[in-house]
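Here are some friendly notes to read alongside the model. Keep the 3D view open and turn to each spot as you go.

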Amino acid sequence: MFRYMPVSAMIGLTLTGLYFLAAIFAPLIAPYGMAQVVGDVWEPSSREHLLGTDNIGRDLLTRMIYGGRTTIFIATMATILSFVTGSILGFLAAVLGGWADQVLSRMVDLLMAIPSLILALVVLAVLPVTVTTLIVVMGLLDATRVFRLARAVAVDINVMDYVEAAKLRGEGRGWIIFREILPNALSPLVAELGLRFIFMVLFISTLSFLGLGVQPPLADWGGIVKENKDGIIYGIGAALYPAIAIATLAISVNLVADWVLNRTTSLKGGRG
Amino acid sequence: MHPILKLVSQRIALGLLLLVSSSAMIFGLTEALPGDAAQAVLGQSATPEALENLRREMGLDRPALVRYVEWLGGIVQGDLGTSITNRLDIATSIGSRLSNTLFLAFWAAVVSVPLAIFLGLLAVRYQNRWPDKAISGVTLATISIPEFLIGYVLVYFLAVQMGWFSPLALINDTMTLGEKLHSIALPVAVLTMVVLAHMMRMTRAAILNVMQSAYIETAELKGLSSFDVIRKHAFPNAIAPIVTVVMLNLAYLVVGVVVVEVVFVYPGMGQFLVDAVVKRDVPVVLACGVIFAAIYISLNLAADVVSILANPRLRHPK
């Protein structure tokens, strides 16, 4: 599988892996405590503080590592939620057809008629802003896109001979969905996974930047920008580090997703 | 009735239906979720009696359907209700902000649309050579960074380091058009970068799609230069998908302004909406949400109608 991997995908996979490892082992590699004040306000980078300190004197490298942990955790959970709900409902709509399909599809049309950021803001105006709410809101809003893809793929698979055969031997809907459709729909879904994950990272960073995402003192990349944005006017670039982190993560995931997509399209019909 | 007219009016009716149902959904979401405006005003620790009184005073004790119909009726007549935090009429507070937001989005569109189409044509002309690769590399980078970070990067280098622009985009009515344009230059640049990538990629894809047709091959074989092939044969056929992409991106622009306005402290709708969400001012959030949704839906509808008019193949439903 990895033998014919292009260099770009290799770089992407390595960087993505590093980010995830840093997220998992954040408490071990971070030089200081997450909310520990260790120096003066906006100290320049030095040997003790590689990236300097933030707006209240916390070590910025530590904040960035913990921030990555929060951002990646929320984005991952929301992506999983959106894929599980989106694909199960999409497959169901394709298999059931008729009015169930109509109801689900029209509801998704309606949800997608409004930009997700606006819808998320409306919901967050009444709900308490916690990590769980954020994951649920982001995951469900994004499930609409997964639903469309999963339904489109499943509608095609549903008329294949092997699905016909399974229906004729009297398999239940659960079998059809999980044993016949899911394995064959996996490749396009996996390729989409990367793009949705990046979208989630951008989404949660945007919400946190607006002050409606992760709440302090918990660190996350969007929040670090919000906390340090006032420094920019004095020429302090602390708020720009998350830009580098988000951009490199997004580009590496994109490179991996491109590779998966190319592989699956060249192996059309295969197991990928 | 003329078949095109019939089709277009059907689309418009469908769009209106979508508009009404999305307003119902926005209203319904704030109703169905736990917590309401009264709770938001008094906070989590309010006593049930105080909540009850405030609900009665705000009219929240009546059935949701009645309030929805009243609210929708008000919006149609231009009455958006009153804010619960400062008791001001929402329509008057939104008026000037909406025009500021449209001003920003308009100039972003004026810059980004011609640029995107030109770069898209360039990418097709030099397909798989360095201009194409450079353009797709830059676009990959811009879609990977959230718009607020592009904003701060520009502020850091262009406003703070070089001092060419002001880091804040404050505008008021006493400024001349030139002064206004100078002060919104950075936000316009950010918005342009945000939509440019997508618009350019789609333009490139639309033209490349057309370029594979037989008539293009004929045009090439009869000896036309490649720019003439694109200008005379490919572009007119690619216009419908390009117009659709442009419209969709203008719709996206309307959402992009929310974040960009916060970055540049620009007195527009986006800033207003975010402030209202932070203060949990539900009537203001509802009003802003419906306006944003309406602009978004109408631009999508316009994209639909334009593509029907431009592409005769879409006029005949299968």
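1. Let's begin with helix α6 of chain A, residues 131-158. Its 28 residues reach 37 Å from the first C-alpha to the last, close to the 40 Å expected at 1.5 Å a residue. That expected span is 1.5 Å times one less than the number of residues in the helix. Even so, α6(A) has a kink of about 30 degrees, centred on A:T144. The bend at a residue is the angle between axes fitted to the seven residues ending there and the seven starting there.

2. A word on how to read all this: the model is predicted, so local features need pLDDT of at least 70 and side-chain atom pairs count only at pLDDT 80 or more, while totals for chains, interfaces and linings use all residues. Residues are numbered from 1 along each chain as its sequence is written, chains are lettered from A and ligands numbered from 1 in the order in which they are written, and side-chain values use heavy atoms, leaving out hydrogens and water.

3. What are the chains built from? Chain A has 10 helices and 0 strands, and chain B has 13 helices and 0 strands. Helices (H or I, at least four residues) and strands (E, at least two) are DSSP runs, numbered from the N terminus. Along the principal axes, the C-alpha atoms fill a box of roughly 75 × 50 × 30 Å for chain A and roughly 85 × 60 × 35 Å for chain B.

4. Next, look at helix α3 of chain A, residues 60-96. This helix has 37 residues and spans 52 Å between its first and last C-alpha, close to the expected 54 Å. After α3(A) comes A:G97, with a positive phi near 65 degrees.

5. How far apart are the end C-alpha atoms of helix α11 of chain B, residues 226-263? They are only 43 Å apart for 38 residues, short of the 56 Å that a straight helix would reach. In α11(B) you will find a kink of about 55 degrees at B:F235, shortly before the proline B:P236. Just after this helix, B:V265 takes a positive phi of about 50 degrees.

6. Now for the place where the chains meet. In chain B, 40 residues are in contact (heavy atoms within 4.5 Å) with 41 residues of chain A. The two chains bury about 3,600 Å² between them, 84% of it on carbon and sulfur atoms. Buried area is the accessible area (1.4 Å probe) that two parts lose on being put together, summed over both. In chain B, B:F148, B:Y152 and B:R280 lose the most area to chain A, together 16% of what that side buries.

7. Which helices of chain B touch chain A? Among those supplying at least two residues each are α1 (3-32), α7 (147-161) and α13 (282-310). By class, this side of chain B has 33 nonpolar, 6 polar and 1 charged residues. Here Ala, Val, Leu, Ile, Met, Phe, Trp, Tyr, Cys and Pro count as nonpolar, Asp, Glu, Lys and Arg as charged, and the others, Gly among them, as polar.

8. Finally, how many salt bridges are there over all chains? The whole structure has 10, with 0 between chain B and chain A. A salt bridge is a side-chain nitrogen of Lys or Arg within 4 Å of a carboxyl oxygen of Asp or Glu. One joins A:D109 and A:R106, whose closest N and O atoms are 3.0 Å apart. These two residues are separated by about one helical turn because they lie 3 residues apart in helix α4 (residues 98-112) of chain A.

Note on methods: Contact means heavy atoms within 4.5 Å.
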